[in-house]
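Hi,

Here is the structure I promised to pass on. Have a look first, and then read my notes below.

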Amino acid sequence: MQISKYVAAIASVLTLAAIIPTAGAGEESSLWKIQKTLAAKKYVDLTHAFEPGIPRWPGFPDETRKTIYWYDKRPGTMGSGFFSEVFSHVGQWGTHVDPPAHFVKGLRTLDQIDPKEMILPLVVIDVHEEAAKNPDYTLSIERLKKWETDHGEIPAGAFVAMRTDWSKRWP
């Protein structure tokens, strides 16, 4: 089971439930149309399954898992059970957001960042060919300027991602 996908799916449902107005709200304030548009789009899954033994920074302990409830055994009842596990891993493991406080004490933590701040224009700088030739490739100002020459100015406040294809090296 890919826990990261499961958590992301729950977060998406909860987010939509929190922002989509109730039925009967005026069309101008409804997000149902936007939700339908977004649901029809193509998505690229960049996640990898969390599991013990995945690559990680050597200073982090490995993930641990423990089954605490199993289907046929529910403590204190005669009825059917359910499946539930406890996972333990470092917060900066896998795809995640590093808030400013991750690097500088006193700056904002993730709970202090409004989710609206995470809806940004995306710019992908494709350097997978350069990274294949040089595994220590570093994105330069010149490379960003080349992207802008080819595609237009990077919007203010954009999320700029670098495509390296290092994910293909995943075990």
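**Salt bridges around Asp-165**

Let me start near the end of the chain: Lys-168 and Asp-165 meet through their side chains in a salt bridge, 3.3 Å from N to O. By salt bridge I mean a side-chain nitrogen of Lys or Arg within 4 Å of a carboxyl oxygen of Asp or Glu. Before going on, note that this is a predicted model, where local features need pLDDT of at least 70 and side-chain atom pairs count only at pLDDT 80 or more, while totals for chains, interfaces and linings use all residues. Residues are numbered from 1 along each chain as its sequence is written, and side-chain values use heavy atoms, with hydrogens and water left out.

Asp-165 also forms a salt bridge with Arg-163, the closest N and O atoms being 2.9 Å apart. Together, Asp-126, Arg-163, Asp-165 and Lys-168 are linked in a network of salt bridges. How exposed or buried are the partners? Asp-165 counts as buried because its relative accessible area is 17%, Arg-163 is partly exposed at 33% relative accessibility, and Lys-168 is exposed at 65%. The cut-offs are under 20% relative accessible area for buried, over 50% for exposed, and partly exposed in between (1.4 Å probe, protein chains only).

Asp-165 sits in the segment after E4 and has a positive phi of about 65 degrees although it is not a glycine. Elsewhere, Arg-108 forms a salt bridge with Glu-117, with 2.9 Å between the closest N and O atoms. Both ends of that one are partly exposed: Arg-108 at 34% relative accessibility and Glu-117 at 36%. The count of salt bridges comes to 8.

**The chain as a whole**

The protein chain has 4 helices and 4 strands, in the order α-α-β-β-β-α-α-β along the sequence. These are DSSP runs numbered from the N terminus (helices H or I, at least four residues; strands E, at least two). Of the 171 residues, 13% are buried. The chain exposes about 13,600 Å², and carbon and sulfur atoms supply 60% of that; accessible areas come from the Shrake-Rupley method with a 1.4 Å probe, and for residues only the protein chains shown count as cover. Among contacts between residues at least 6 apart in sequence, 43% join residues at least 24 apart, a contact being heavy atoms within 4.5 Å.

On confidence, the chain averages a pLDDT of 81, and 78% of the residues score at least 70 (pLDDT is the predictor's confidence in each residue, from 0 to 100). Over residues 1-21 pLDDT stays under 50, and the model has 19 contacts beyond four places in sequence for them. Where pLDDT is low, the predicted coordinates should not be read in detail.

**The nonpolar core and its surroundings**

Which residues make up the largest nonpolar core? Val-123, Ile-125, Val-127, Trp-147, Ile-154 and Ala-158 do, 6 residues in all. Here a nonpolar core is a set of buried Ala, Val, Leu, Ile, Met, Phe, Trp, Tyr and Cys residues joined through side-chain atoms within 4.5 Å.

Leaving aside neighbours within four places in sequence, Ile-125 is in contact with residues including Leu-139, Arg-143, Trp-147 and Met-162. Arg-143 belongs to helix H4 (residues 141-151) and counts as buried because its relative accessibility is 14%.

Ile-154 is in the loop between H4 and strand E4 (159-163), and at 18% relative accessibility it is buried. Not counting residues up to four places away in sequence, Ile-154 touches Val-123, Leu-144, Trp-147, Glu-148 and Val-160. Its C-alpha atom is separated by 9.1 Å from that of Leu-122, 32 residues apart along the chain.

Pro-52 lies in the loop between helix H2 (32-39) and strand E1 (64-69). Pro-52 is partly exposed, with a relative accessible area of 44%. Beyond four places in sequence, Pro-52 touches Asp-62, Glu-63 and Arg-65. Pro-52 and Ser-88 are 36 residues apart in sequence and 9.9 Å apart in space, C-alpha to C-alpha.

Cheers
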